[in-house]
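This briefing covers a ligand site and the strand pairing around it. Please keep the sequence and the structure open while reading.

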Amino acid sequence: MSANDQTQHQLDAVIIGAGFSGLYQMLCLRDRLGLSVLGLDMADGVGGTWYWNRYPGARCDSESHSYSYYFSDELLKKWTWSERYPGQAEILEYLNFVADHFDLKRSFRFKTKLLSAHYDEQANLWELCTDDGERYRTRFLISAVGNLSSANIPAIPGLDRFKGPWYHTGQWPHEGVDFTGLSVGVVGTGSTGIQAIPVIAAQAKSLTVFQRTANYSIPAHNGPLDDAFKAYCKDHPDEIRTILHATPNGHPFYISETSALSLSEQERHAVYEKAWEKGGLRFRASFKDLLSSEEANKTAAEFIKQKIRSMVKDPRKAQVLSDIDHPFAAKRPPIDTHYFETYNLAHVDLIDIRENPIDSMTEEGIRTTNGLFKLDAIVFATGFDAMTRPILNLNLRGRNGVALSDAWEAGPINYMGLQVPGFPNFFMVTGPGSPSVLTNMPVAIEQHVEWISDCIAHMRAEGLHRVEPQPQASAQWMQEVNQAAAATLLPKAKHSWYLGANIPGKPRVFMPYAGGMAHYRKRCETITANGYEGFLMA
Ligand code: N01
């Protein structure tokens, strides 16, 4: 049924989002289960994250051959990635290829925002209202909105007075931005800023980077894939899939079983040196205890700080860049192409806004406590109100009219990151409480989409119409999520978006499940085998 032919507006399922999650969820529910399904997306095309994040240098940090759907060998055979790390345009092309291959676009209504969704208990249906004035009633409502889709634009006093253009990296103009001849400011040095800064520097007349928290970064060593590797990927999907499913982060490589502390300093250094040369997130897999032992972590942290100091020639800049306040990989570790080397360019400056915070913006630029920086254009690489905001923006009201914003006032209560007590038949793909952002996302997405689809298939086979978590099971799961995080160094990064710490007033709760993707997958399988343990089905 075409989205445009949707006359009755009564559906089996509505999916919000047309990124990696929404596309596969559509395929599973529409084609495999034969349900009437409608997808909604605010964008005018598929792609999700990769539709919006078109900033200069936007690229994935998962290796391309693993940043793919693995549910179809046919797809894997038909698509060939060109580089080790796929760029934004190529990923968007890939998602369009998948959508066209399965004829998915006709089931989405694009440029359409869900304004609200209310659960009608008597009818056991969700009532949806969209910004084009339409209303829909659906049995199942599935959030496929992504974890990093709600831009965090800092509330700097005077932002509206600045006379030049400013941009957030997650809402980048489709026509691109030409910075030639301009004095540009970039605020933020997370994964995004670290990717964008070298590319903007190559174009701008001058670039001033405003850094609040210094960050680790590992060279990506990106480059074209050779024919032998391309052939290997096509010929060995099972082998690659097995690794993706066996590793804690869903990446195509195993984590070493050696402790960083079991080697001599010289031996350890050699391991790090080799990993640095290989580049990318594999560096984090150098030793088994980098995220569990502070002492082990310090060895990696010190190695990287030393690298920064050796790459950056200006001692002041080197000091500001290497003065890192958290363990390595306690925040999502960026990977880069010539990031630190960019600070050796004469027209690139670095301002430590931890030392001299931004206090306002004027017509001319950014004012810190140390003075005014005149700028022609500003780029906010300031990240996202992550994980919860995209879901809260759906304006859900569950049983008894309770708003999700109230249910989540103290943090995102959930069960397995899949469902929320009191919100029957509402599912989240990679919601808070699941491994999600700690993994190579397509792996986590496929597992969730398949679990949700199996759950709905089971309900239909058994004549069941409602599923929601038992509050007790949810409370127990929240404890496990906390314990899993506490067993790692992840909560030691006090300013991390994993904790909601980047958003003023947001509850400080470690949101993703840090117990590992492989372990989490087994938990979900056990729950299913035990008759959907922890879920109430009626
Ligand atoms: O966002 P971030 P991001 N004033 O939140 C600073 C994924 N991703 O878009 O650390 C001044 O990490 C903030 O400072 P601080 C990946 O999962 C992946 O870079 O809060 N500064 C920080 O420096 C990643 O983790 C890829 O003190 C402010 C920066 O802005 C996630 O997206 C590429 C500020 C924000 O860093 C988010 O990354 C890109 C303020 N008011 C993104 N507010 C790849 O796959 C924030 N900052 C490679």
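Two strands are said to pair if DSSP finds at least two bridges between them. By that rule strand S13 (residues 358-361) and strand S14 (residues 365-368) pair, with three bridges joining them in an antiparallel run. The model is predicted.

- S13 and S14 are joined by a hairpin, with three residues between the strands.
- Ile358 faces Thr368 of S14, and Met361 faces Ile366 of S14.
- The open sheet that holds this pair has three strands in the order S13-S14-S15, with antiparallel pairing.
- Its edge strands are S13 and strand S15 (371-374), each of which pairs on one side only.
- Neighbouring strands in this sheet are turned by 25° against each other on average, direction ignored.

**Parallel sheet of five strands**
- A second open sheet has the strand order S7-S16-S8-S9-S12, and its pairing is parallel.
- At its edges are strand S7 (166-168) and strand S12 (348-352), each pairing on one side only.
- From one strand to the next, the twist averages 20°.
- Within this sheet, strand S8 (residues 183-187) and strand S16 (residues 377-380) run parallel and are joined by four bridges.
- Val184 is placed opposite Ala377 of S16.

**Helices on the five-stranded sheet**
- Helix H5 lies across S8, strand S9 (206-211), S12 and S16, and runs at about 160° to S9.
- Helix H10 (residues 315-322) also packs on the sheet, where it touches S9 and S12.
- The direction of H10 makes about 50° with that of S12.

**Strand S6 and its partners**
- Strand S1 (residues 10-16) runs parallel to strand S6 (residues 135-143), and six bridges join the two.
- Ala13 stands opposite Phe140 of S6.
- Strand S5 (residues 125-130) pairs with S6 in the antiparallel sense, over four bridges.
- Trp126 has Thr138 of S6 as its bridge partner.
- The hairpin of S5 and S6 has four residues between the strands, and Gly133 in this hairpin takes a positive phi near 85°.
- Strand S18 (residues 426-428) pairs with S6 in the parallel sense over three bridges.
- Ser143 has Met428 of S18 as its bridge partner.

**Ligand shell**
- The ligand is surrounded by 26 residues, of which the closest are Asp61, Thr192, Arg212, Thr213 and Lys331.
- By class, the shell holds nine nonpolar, eleven polar and six charged residues.
- Helix H5 (residues 191-203) gives the largest share of the shell, with three residues.

**Polar contacts and burial of the ligand**
- The side chain of Lys331 places an N or O atom 2.6 Å from an oxygen atom of the ligand.
- A backbone N or O atom of Thr189 is 2.9 Å from a ligand oxygen atom.
- A polar backbone atom of Ser191 is 3.0 Å from a ligand oxygen atom.
- The ligand taken alone exposes 910 Å², and the protein buries 89% of that area.

**Link between site and sheet**

Note on methods
Residues are numbered from 1 along each chain as its sequence is written. This is a predicted model: local features need pLDDT of at least 70, side-chain atom pairs count only at pLDDT 80 or more; totals for chains, interfaces and linings use all residues. Side-chain values use heavy atoms; hydrogens and water are left out. A residue is near a molecule or strand if one of its heavy atoms lies within 4 Å of it. A polar contact is a pair of N or O atoms within 3.5 Å; within protein, one must be able to donate a hydrogen and the other to accept it, and residues adjacent in sequence count only if both atoms are side-chain atoms. Accessible areas come from the Shrake-Rupley method with a 1.4 Å probe; for residues, only the protein chains shown count as cover. Ala, Val, Leu, Ile, Met, Phe, Trp, Tyr, Cys and Pro count as nonpolar, Asp, Glu, Lys and Arg as charged, and the others, Gly among them, as polar. Axes are lines fitted to C-alpha atoms, for helices over the stretch in contact, and angles run from 0 to 180 degrees between N-to-C directions. Contact means heavy atoms within 4.5 Å.
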